[in-house]
Amino acid sequence: MKNYLSLSEEVKQAKAEGKAIVALESTIISHGMPYPQNVEMARDVEQIIRDNGAVPATIALIDGKIKIGLSDEELELFGKSTNVAKVSRRDIGYLVATKQLGATTVAATMICAELAEIGVFVTGGIGGVHRGAETTMDISADLEELAKTNVAVVCAGAKSILDLGLTMEYLETKGVPVIGYQTDVLPAFYTRSSDVELTLRADSPDVIAASLKAKWDLQIEGGAVITNPIPEEFAMDEKVINDVIQTALKEAEENHIHGKDVTPFLLGKVKELTDGKSLEANIELVKHNALVGTQIAVAYQNIYIYRKSCHR
């Protein structure tokens, strides 16, 4: 299995020194944002992680290998290339075997992070149950992955183009803890709140780290969702964004856009209808998630090192 993993020198050194490592996805670079904002965002996020005491590990498939940590040139490659495959669980084996360029989604990044023994992963927002899923069965693979892969995902909630209520019901059924970081309600990506209440809240990274450690020490399988609201100064007006999403959903239906094409279409349409404000919000929330995610990863690593030293 290890033959398929290729760790960057920075990640190798972090492992040797016992430093915290934070996983990052690559789909947000290749499919989530336009060039050059995508590459600028990726570099800024990596730097935030370094500045706060951890090492970034952006994950992608390159030349038959799962790369754990990308070089500056590789970030640029994923930001500019038009032939990058979007990788979920079902695609990993095929894309590795055929040596294609592959950008990892939330689900695939979780799998690869667990293979590399990285427990904290930062992204923008998770996928979920799509609106109308009761007839289309359109449910993101992210939710299934959270049920079985031991990686914590720090995000600004689920993307507000989804059915947030059904997404939470699905996660509850699968036993996935959803912890609100300094919030009692589920953030809705572009906005700080929604009408979905959370049962778990933590006001410090230490509490979240301790919760994750206890969960995995008890061998309770699966990940966790840590929801971190977008900073207030970058949050969008709830009514405005909901109206825009309704317009985008209607257009997607009229154009018979389905399956994996729905999310990129909707995000692109939302960006267009908000004159680019949604892209700015997206970038800022990812940066904020990187800060909080790094604090959690460092706290988790400190617990791990402390307990290890106590058992010597």
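Trainee: Which residue caps the N-terminal end of α9?
Mentor: D163 does so, with a side-chain oxygen 3.3 Å from the backbone nitrogen of G165. This is a predicted model, in which local features need pLDDT of at least 70 and side-chain atom pairs count only at pLDDT 80 or more, while totals for chains, interfaces and linings use all residues. Residues are numbered from 1 along each chain as its sequence is written, and side-chain values use heavy atoms, with hydrogens and water left out.

Trainee: Which residues of α9 are buried?
Mentor: In α9, residues 164-173, the buried ones are L164, T167, M168 and L171. Buried means under 20% relative accessible area, exposed over 50%, and partly exposed in between, with a 1.4 Å probe and protein chains only. Helices (H or I, at least four residues) and strands (E, at least two) are DSSP runs, numbered from the N terminus.

Trainee: What do they pack against?
Mentor: The buried residues of α9 pack against α8 (141-148), β9 (178-181) and β11 (224-227). Contact here means heavy atoms within 4.5 Å. Just after α9, G175 takes a positive phi of about 75°.

Trainee: Changing topic, at what angle do α3 and α4 pack?
Mentor: Helix α3 (residues 37-51) and helix α4 (residues 72-80) pack at about 145°, with their axes 9 Å apart. Axes are lines fitted to C-alpha atoms, for helices over the stretch in contact, and angles run from 0 to 180 degrees between N-to-C directions.

Trainee: Which residues meet there?
Mentor: From α3, N38, V39, A42, R43 and E46 meet D72, L75, E76 and G79 of α4. By class, that contact has three nonpolar, two polar and four charged residues. Ala, Val, Leu, Ile, Met, Phe, Trp, Tyr, Cys and Pro count as nonpolar, Asp, Glu, Lys and Arg as charged, and the others, Gly among them, as polar.

Trainee: Where is the cis peptide bond?
Mentor: The bond from Y35 to P36 is cis, with omega near 5°. P36 lies in the loop between α2 and α3.

Trainee: And E117, is that residue buried or exposed?
Mentor: E117 is exposed, with a relative accessible area of 64%. This residue has a positive phi of about 60° although it is not a glycine.

Trainee: What about F189?
Mentor: F189 also has a positive phi, of about 65°, and is not a glycine. At 2% relative accessibility, F189 counts as buried. Most residues other than glycine have a negative phi, and most peptide bonds are trans.

Trainee: Finally, which side chain does N228 join in a polar contact?
Mentor: The side chains of N228 and N289 are joined at 3.0 Å. A polar contact is a pair of N or O atoms within 3.5 Å; within protein, one must be able to donate a hydrogen and the other to accept it, and residues adjacent in sequence count only if both atoms are side-chain atoms. N228 counts as buried, at 1% relative accessibility.
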